[in-house]
Amino acid sequence: VVIGAPGSGGSGAGSGSGAHAAVVEVLPAEKFAPFIVPFRGSSPPPGSPAVTQANPFTVPPAYVFALDHKVRAVASLRAALRDAGLDDASKRELQATIQAYFKEWLLTSGSMRQVYDLARIERGE
């Protein structure tokens with residue numbers, strides 16, 4: 001479920017002069033992806049509630065299927081790269097190419113901010 005104002009990209013905060021009515025949308029299954037909240041810290045003190053280690057909610061079958069499909073695609077790509085029999089120079093060239101395309105995607109998708117945010121968290125800022 002995506003919660004936000006119309007046209008706000010799901011951020012919940014609209015920009016502009018007029019007030020926006022809140023909307024709730026169901027995220028299409030093919031756009032579903034797991035997310036991890038980065039957390040650094042020690043274990044909770046004895047007697048405090050346990051830390052959630054997995055999604056405590058039931059995920060509808062269509063979303064499970066979509067996620068499994070993505071996981072299988074990544075595993076297939078990794079296996080193809082592992083079994084390609086590339087020499088060290090070709091591996092380095094392939095890695096540099098993948099990293100360049102990933103960086104381009106980060107910049108064009110607007111996702112670079114999340115990388116900077118994670119780096120700040122890692123540095124303890």
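How many salt bridges does the count come to? The count comes to 3 salt bridges, a salt bridge being a side-chain nitrogen of Lys or Arg within 4 Å of a carboxyl oxygen of Asp or Glu. This is a predicted model, in which local features need pLDDT of at least 70 and side-chain atom pairs count only at pLDDT 80 or more, while totals for chains, interfaces and linings use all residues. Residues are numbered from 1 along each chain as its sequence is written, and side-chain values use heavy atoms, leaving out hydrogens and water.

**View 1. Arg113, Asp117 and Arg120 are linked in a network of salt bridges.** Arg113 pairs with Asp117, their closest N and O atoms being 3.3 Å apart. Asp117 also bridges to Arg120, here at 2.8 Å. Arg113 and Asp117 both lie in helix H3, 4 residues apart. Asp117 and Arg120 are 3 residues apart in H3. An α-helix has 3.6 residues a turn, so residues three or four places apart point the same way. Arg113 is exposed, with a relative accessible area of 53%. Asp117 is partly exposed at 22%, and Arg120 is partly exposed at 40%. Buried means under 20% relative accessible area, exposed over 50%, and partly exposed in between (1.4 Å probe, protein chains only).

**View 2. Helix H3 covers residues 112–123.** Helices (H or I, at least four residues) and strands (E, at least two) are DSSP runs, numbered from the N terminus. The expected span is 1.5 Å times one less than the number of residues. Gly124 follows H3, with a positive phi near 85°.

**View 3. Phe32 and Tyr63 form an edge-to-face aromatic pair.** Rings of Phe, Tyr and Trp (its six-membered ring) pair if their centres lie within 6.5 Å; planes under 30 degrees apart count as stacked, over 60 as edge-to-face and the rest as tilted. Here the centres are 5.5 Å apart, with 90° between the planes. Phe32 lies in the loop between strand S2 (23–25) and H1, and Tyr63 in helix H1, so the pair ties together parts 31 residues apart in sequence. Tyr63 is buried, at 15% relative accessible area.

**View 4. Phe102 and Trp105 form a stacked aromatic pair.** Their centres are 5.8 Å apart, with 20° between the planes. Both residues lie in helix H2 (residues 88–109), about one turn apart. Phe102 is partly exposed at 48%, and Trp105 is partly exposed at 45%.
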